[in-house]
Amino acid sequence: MTADSGRLIIVSNRMGDPGKPPKGGLAVALNGALNAVGGIWLGWSGKIGATTGTTSERQVGSVKLVGIDLTQRDYEGYYLGYANSVLWPAFHHRQDLIDQHPEHFEAYCRVNRAFAEKLAKLVKPQDTIWVHDYHLLCVAMELRSMGVNNSIGFFLHIPLPPSQIMSAVPNNELLMRALMHFDLVGLQTEADVLNFRLYAERNLGVELDNPDTVTAFGRTARVEAFPIGIDVDQFRALLETDYSTELVGRLGRSSSGRVLVTGVDRLDYSKGLPDRLKVFDRLLEKYPANQRETTLVQIASPTRENVDAYADIRAELEGLSGAINGKHGRIDWTPIRYIHRNVPRSRLAGLFSISRVGLVTPLRDGMNLVAKEYVAVQSDEDPGVLVLSQFAGAAEEMEEAVIVNPHDIEQTADCLQRALVMPLEERRERHQALKARVETGNVVTWCETFLARLQSV
């Protein structure tokens, strides 16, 4: 974007804060884009109030932060309910976990309209609006109904499911109608774009004459893949922090030369964590040379702990890790180090840098930036190996990783062993290709490419 093209307005479930150090690459990119031209970041304030739509504003440099309060009823219906108990499981191919309540969709629509009503009061004719993620699919449709004709883009940070699964989502046709009110719909992968187009063709009877656009409900939207990246320089810089160097030194002393296999995920059923522990168990059974020599460090950060499905998976993981450690462990060796808490990113960077294998095996994921973070901090001289699920969006780009089917425990255990014994020359060749791709497709490039395309539309 350029300064004469108006402001940029970012809309997301939770607003960022350009006045604070960013926690991740996405915040870096969006903060940079906002600061370049000035703008607004609008999102839920994190507060529960008496009325949905009550707002608070504060200025940070050239960026205005606008927070919207939610009532307890709308928080439970919009966020915990429809967004995270219907859309999240369905979009991750877990339609069996959909928990449908009509009042939750009513709350979802009500909150989307509250966001749009506030936006309609803030927006100026030349402003560009960029809406993020599955919480706010209906914002553009609401804005259009209020007469807002600005350029509006949307980016989905999670996968878009195939048409058969999308058809199982309650109110799916209304959601697709809502998406058509965006000028540009950005998805993570070409597979997601294909899913969007096939839904339009099979469920709406749309003829797909143009490879880049979809026309339905009297509107035309451009639909493209924009694979998100990381801020490579920022993540590498974490290796120089005291937190990182202290952890690397301590792990080097305590592991006594043992090989580390590392997985870092939010505690979520989409990540395939129970299967991952079973893979490591099978590795130790089938390839006993790893006994006492290889340790799995699995970090599972807490998330959505007030949703029943997450309590179930936490109990399963704790039971599995205890059983595997009891089965294989020795007085001087614990096979699995399972950590259920948030770990600072500086420590993660250090952990990745000394791990022989980065184990990234979700059952379904939009992109999975852990895969790119792992590659970013590997040494050129003695790099580790990325073992990556074919169902992560990153697999579409990162073909030099060892690609696995996480549902196949035996095959994944074999591939993990292959990564552990891979010759140095092969490791270097794979790493150089992956490193180049991660650096080229960084998050700043992603942000600039999306906004340039939105302006051209």
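Which side chains meet in a salt bridge at 3.5 Å, N to O? Those of arginine 113 and glutamate 117 do.

## Basis of the model

This is a predicted model, in which local features need pLDDT of at least 70, side-chain atom pairs count only at pLDDT 80 or more, and totals for chains, interfaces and linings use all residues. Residues are numbered from 1 along each chain as its sequence is written, and side-chain values use heavy atoms, with hydrogens and water left out.

## The nine-stranded sheet

Nine strands form an open sheet with mixed pairing, in the order β3-β4-β2-β1-β5-β6-β7-β9-β8. Strands β3 (55–60) and β8 (213–216) stand at its edges. Each has a single partner strand, so one side of each is left without a neighbour in the sheet. From one strand to the next, the twist averages 25°. That angle is taken between axes, which are lines fitted to C-alpha atoms (for helices over the stretch in contact), and runs from 0 to 180 degrees between N-to-C directions. Strands (E, at least two residues) and helices (H or I, at least four) are DSSP runs, numbered from the N terminus. Two strands pair if DSSP finds at least two bridges between them.

Strand β2 covers residues 39–48. Of its 10 residues, 7 are buried; buried means under 20% relative accessible area, exposed over 50%, and partly exposed in between (1.4 Å probe, protein chains only). Strand β1 (residues 8–14) pairs with β2 in the parallel sense over 5 bridges. There, arginine 14 stands opposite tryptophan 44 of β2. Strand β4 (residues 63–70) also runs parallel to β2, joined to it by 7 bridges. Leucine 42 has valine 66 of β4 as its bridge partner. The pairing of β3 with β4 is antiparallel, over 6 bridges. Threonine 55 is bridged to isoleucine 68 in β4.

Strand β10 (residues 259–266) runs parallel to β11, and 8 bridges join the two. Valine 259 has threonine 294 of β11 as its bridge partner. With helix α10 (residues 273–286) between them in the listing, β10 and β11 make a right-handed β-α-β unit. Right-handed here means that, with the strands pointing away from the viewer, the path from the first strand over the helix to the second runs clockwise. Strand β12 (residues 336–339) pairs with β11 in the parallel sense over 4 bridges. Isoleucine 299 is bridged to isoleucine 339 in β12.

Alanine 200 is found in helix α7 (residues 190–204). Alanine 200 is buried, at a relative accessible area of 1%. Leaving aside residues up to four places away in sequence, alanine 200 touches Gly205, Val206 and Val214. Contact means heavy atoms within 4.5 Å. Arginine 345 is 145 residues from alanine 200 along the chain, and their C-alpha atoms are separated by 40 Å.

## Salt bridges

Side chains of opposite charge can pair when their charged atoms come close. A salt bridge is a side-chain nitrogen of Lys or Arg within 4 Å of a carboxyl oxygen of Asp or Glu. By this rule the count comes to 31.

Arginine 113 and glutamate 117 are 4 residues apart in helix α3 (residues 102–122), which means a separation of about one helical turn. Glutamate 117 is partly exposed, at 37% relative accessible area. Arginine 113 is partly exposed too, at 34%. Arginine 113 also meets glutamate 142 in a salt bridge (2.4 Å, N to O). Glutamate 142 lies in helix α4 (residues 139–145) and arginine 113 in α3, so this pair ties together parts 29 residues apart in sequence. Glutamate 142 counts as buried, at 13% relative accessibility.

Aspartate 380 and lysine 435 meet in another salt bridge (3.0 Å, N to O). Aspartate 380 lies in the loop between α13 (369–376) and β14 (385–389), and lysine 435 in helix α15 (residues 424–440), so the pair ties together parts 55 residues apart in sequence. Aspartate 380 is partly exposed at 29% relative accessibility, while lysine 435 is buried at 17%. Salt bridges that share partners also join Asp281, Arg282, Glu285, Lys286, Lys327, Glu410 and Asp414 into one network.
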